[in-house]
Amino acid sequence: MGTGHRVGAEALSRFPGDWGMPPDVCFAEAHSIGSGHRLEVLALERAATLLGRVEGYVSMNVSPATLLTSECGELLGRLPLDRILLELSEHDPVEDYAALTAVLAPLRAAGLRLAIDDVGAGFSSLRHIVVTAPDVIKVDRSIVAGLDADPVLSKLVASLVEFAHGCEVQVVAEGVETAAEHAVLRDLGVDHGQGWLYGRPGPPEALGTTAVLSVPVPRRELAVPAKV
């Protein structure tokens with residue numbers, strides 16, 4: 001947020017347009033017929049092909065339940081883990097945190113970084129964060145959108161930043177769409193941002209090489225205190 005340097009990219013799943021279903025529905029339907037874990041692992045395999053096509057880290061999404069499968073473990077064991085940021089959604093329940101921690105421990109020791117996705121929008125509140133001790137938390141777009149004009153949202157993000165940095169965790173803001181949002185997030189101490197302000201989703205070739213993003217952001221005063 002402070003330098004404009006791109007540090008990574010997130011792999012997004014897309015399905016045929018004539019299906020008329022967004023990705024979350026496709027994954028939900030796959031899980032409803034017992035094929036959800038297989039589809040998630042296939043998505044991870046496809047995401048892994050981006051590692052040789054873009055610079056920086058590649059962020060990949062997986063549900064906690066799929067992460068516990070042997071198929072997922074075998075796939076991750078073949079990848080350069082130091083280039084992967086694995087995102088666990090806050091929307092998905094965790095039935096056994098001890099088992100999840102046991103699976104993650106050797107992967108993280110080998111360089112894998114862990115992120116909690118959709119923070120602020122899931123039913124599990126802060127439990128995912130407290131128990132898993134992630135490297136990154138990703139603030140949901142529902143909190144980011146319009147925070148430049150909403151002091152309550154700004155205070156909430158400021159609190160998340162203070163909490164995360166106190167635990168040596170980085171903060172990524174999702175869904176940044178305006179220069180005004182960028183300015184407030186930067187001044188609140190958010191580490192990284194992603195969203196349409198910086199670029200629309202597209203093929204990896206559209207990213208080119210690691211570059212400085214040109215974001216016109218005027219300096220401004222905040223309505224609430226930033227980091228001290």
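This report describes the fold, helix packing and selected residues of a predicted model.

## Basis of the description

Residues are numbered from 1 along each chain as its sequence is written, and side-chain values use heavy atoms, with hydrogens and water left out. Because the model is predicted, local features need pLDDT of at least 70 and side-chain atom pairs count only at pLDDT 80 or more, whereas totals for chains, interfaces and linings use all residues.

## The chain as a whole

The chain contains nine helices and seven strands. These elements are DSSP runs numbered from the N terminus, with helices (H or I) of at least four residues and strands (E) of at least two. The chain has 228 residues, and 41% of them count as buried. Here buried means under 20% relative accessible area, exposed means over 50%, and partly exposed lies in between (1.4 Å probe, protein chains only).

The accessible surface of the chain is about 11,800 Å², and carbon and sulfur atoms account for 56% of it. Accessible areas come from the Shrake-Rupley method with a 1.4 Å probe, and for residues only the protein chains shown count as cover. Of the contacts between residues at least 6 apart in sequence, 67% join residues at least 24 apart; a contact means heavy atoms within 4.5 Å.

## Packing of helix H2

Helix H2 (residues 36-48) packs with helix H1 (residues 23-32) at an angle of about 140°, and their axes are 7 Å apart. Axes are lines fitted to C-alpha atoms, for helices over the stretch in contact, and angles run from 0 to 180 degrees between N-to-C directions. H1 and H2 are therefore oblique to each other. Under the scheme used, angles under 35 degrees count as roughly parallel, over 145 as roughly antiparallel, 65 to 115 as roughly perpendicular and the rest as oblique. H1 contributes Cys-26, Phe-27, Ala-30 and His-31 to the contact, while H2 contributes Gly-36, His-37, Leu-39, Glu-40 and Ala-43. By class, the residues of this contact are five nonpolar, three polar and one charged. In this classification Ala, Val, Leu, Ile, Met, Phe, Trp, Tyr, Cys and Pro are nonpolar, Asp, Glu, Lys and Arg are charged, and the others, Gly among them, are polar.

H2 also meets helix H4 (residues 70-77): the two axes come within 10 Å and cross at roughly 10°. That makes H2 roughly parallel to H4. In this contact, Val-41, Leu-44 and Glu-45 of H2 meet Glu-71, Cys-72 and Leu-75 of H4. The contact of H2 with H4 has four nonpolar, no polar and two charged residues.

## Helix H9 and His-182

Helix H9 (residues 179-187) includes His-182. H9 is mostly covered, with seven of its nine residues buried. The buried residues are Glu-181, His-182, Ala-183, Val-184, Leu-185, Arg-186 and Asp-187, and they pack against helix H7 (141-144), helix H8 (151-166) and strand S6 (170-173).

His-182 counts as buried because its relative accessibility is 7%. The side chain of His-182 makes a polar contact with the side chain of Tyr-198 at 2.9 Å. A polar contact is a pair of N or O atoms within 3.5 Å; within protein, one must be able to donate a hydrogen and the other to accept it, and residues adjacent in sequence count only if both atoms are side-chain atoms. H9 is followed by Gly-189, which has a positive phi near 95°.

## Residues with positive phi

Asp-118 is not a glycine, although its phi is positive, at about 60°. Asp-118 is placed in strand S4 (residues 113-119) and is buried, with a relative accessible area of 13%.

Ala-133 is a residue other than glycine with a positive phi, near 50°. Ala-133 lies in the loop between helix H6 (127-132) and strand S5 (136-139). With a relative accessible area of 47%, Ala-133 is partly exposed.

## Two loop residues

Asp-96 is found in the loop between strand S3 (84-89) and helix H5 (97-109), and is partly exposed at a relative accessible area of 38%. A polar atom of the Asp-96 side chain lies 3.1 Å from the backbone nitrogen of Ala-98. Asp-96 and Leu-68 are 28 residues apart in sequence, and their C-alpha atoms are 9.7 Å apart in space.

Glu-55 is in the loop between H2 and strand S2 (57-62) and is partly exposed, with a relative accessible area of 41%. Glu-55 and Arg-83 are 28 residues apart in sequence, with a C-alpha to C-alpha distance of 9.2 Å.
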